Amino acid sequence: MKTDKTKKKIILTGGGTAGHVTPNMALLPKLRDDGWEILYIGSKTGIEKDICEKNGVDYVGISSGKLRRYIDPKNLSDPFRVIKGYAEASSVIRKFRPDVVFSKGGFVAVPVVAAAAAHGVPVISHESDMTPGLANRLAAPFSKKICCNFPETAELLPKGKGVVSGSPIRTALLEGSREEGLRLAGFDGKKPVILVIGGSLGAQCINACIRSILDRLLKTYDIIHICGKGNLAEDLSDRKGYRQYTFVNDELPHLFAAADLFVSRAGANAICEILAMQKPNLLIPLSLAASRGDQILNARSFEKQGFSRVLMEEEMTEETLLQSINGLFADRETYVEAMKRSQMNDGVKVITGLIGEISGK
C-alpha cells in the first residue's frame, strides 16, 4: 500500500447497513477539501464496499463477525473472525499510518478501533441512535470522543467523551430537482408524491401494507417506492402513478426533491436527512420483536418535537396506515413549521473540526 507520508491521513470504518456507511460518505467532500488522504476499512462482502467504490474511496475489506441476539451456529465461529479482522486491521494501520480513525459503528468497526487504539491512533466514533448500540459500546473504551445526535445520548456515554454533533448530511441530498425527480418517476406533478423507503434492506411489512392499499392511495397520490433488493412486485411494474426501485444512488436527491411526504423506518440517519429536507413524514419504527428498540426511541423523540407522525409496526393495518398517511398530508404544514424551528445542525462541520482537533492536524 503506497501512501504519501506528507499528507494527513484518515481511516473511515463502519458497515453492515447503509446507515453505517452513508454518514461517512457525507464527510468525504469536506475531508477532501481539507486535504485528507482517505482509506475505508469495511467487511469483505458488505454493502459498504459497493458504496465506497461508487464514491471513489480506496477500500480494504477485513474479516468480521457479529454478536447475535439469537441462537445461531455462527456465534461459535464469529469470535475467530473478529480476531482475524483485528490482525488484518492492524496490518492495514501499520502500512497506512493514519492520523485518526473515524468509526460509524457496526461490528466490522470494532476490530478496527481496537487495532487503532493499540497502535496509538486516536479514534472518534459516532452513535446515531438514542441509546448506544452494542458495537459502539464495545468501541467506547478505545474512542477519544463519541459523537451523537441526541442530548439524551451524551448523558449515557462515558464522562467527557460525548459530543452532540448531529448526523453528517450529504449535501447532495438537499440539491435535487423536483422536476427531474418527477421526470425520473414518470409523474406529471398533478398529485402529491409519497416516497416510501424502508432502509437499505427494505421492509417487508411496509412494502406489503403499502401495496395492499395501493388502489386507494393512487386516487390521491403518486408513489415512489424504494422497496429493497429482491422486493420488486413484477405485477405492478407498469402501474400508473407507482414507481418501484430496489435501491437508488445518483437519482436519490431528485426523487427526494419530488416527494411531498415520506413514509420511512426510523433509523437515526434517515430521519435526520428527512429533518434536513423538512419533509412531512410518517415513521414506522422497527418493532421490539426485531430490534433493540432504538428506532422506537428515535421516532418518539421526533414525534415529541413535532417533526413526525408515528405509526407503530404492531398497530399497522391497511386502515391505520391509510389514516396515518391522510392525516399527515392534512397536517403537513404543522410538521414543516416544527422542522423549520429545529436547532439540530448538520454534523459535517462539527465532526470534521473534531477530526482535525483530535488528530492534531
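A residue is called buried when its relative accessible area is under 20%, exposed when that area is over 50%, and partly exposed in between (1.4 Å probe, protein chains only). By this scale glutamate 318 is partly exposed, with a relative accessible area of 37%.

The model is predicted: local features need pLDDT of at least 70, side-chain atom pairs count only at pLDDT 80 or more, and totals for chains, interfaces and linings use all residues. Residues are numbered from 1 along each chain as its sequence is written, and side-chain values use heavy atoms, with hydrogens and water left out.

**Overall form**

The protein contains 15 helices and 13 strands; helices (H or I, at least four residues) and strands (E, at least two) are DSSP runs numbered from the N terminus. A compact globule of 361 residues would have a radius of gyration near 21 Å, and the protein agrees because its own value is 21 Å. This radius is taken over C-alpha atoms, and the globule rule is 2.2 Å times the number of residues to the power 0.38. Along the principal axes, the C-alpha atoms fill a box of roughly 60 × 45 × 40 Å.

Of the 361 residues, 55% are buried. Among contacts (heavy atoms within 4.5 Å) with a separation of 6 or more, 64% come from residues 24 or more positions apart.

**Charges and salt bridges**

There are 48 positive and 41 negative side chains, and the centres of the two sets lie 6 Å apart. Lys and Arg count as positive and Asp and Glu as negative, while His and the chain ends are not counted. The place of a charge is NZ of Lys, CZ of Arg, CG of Asp or CD of Glu.

A salt bridge is a side-chain nitrogen of Lys or Arg within 4 Å of a carboxyl oxygen of Asp or Glu. The count comes to 11 salt bridges, including those in the table.

| Salt bridge | N to O distance |
|---|---|
| Lysine 44 and glutamate 88 | 3.5 Å |
| Arginine 216 and glutamate 318 | 3.5 Å |
| Arginine 216 and glutamate 319 | 2.9 Å |

Salt bridges that share partners join Arg216, Glu318 and Glu319 into one network. Arginine 216 lies in helix α9 (residues 214–217) and glutamate 318 in helix α13 (residues 318–330), so this pair ties together parts 102 residues apart in sequence. Glutamate 319, also in helix α13, is 103 residues from arginine 216. Arginine 216 is partly exposed at 31% relative accessibility, and glutamate 319 is partly exposed at 39%.
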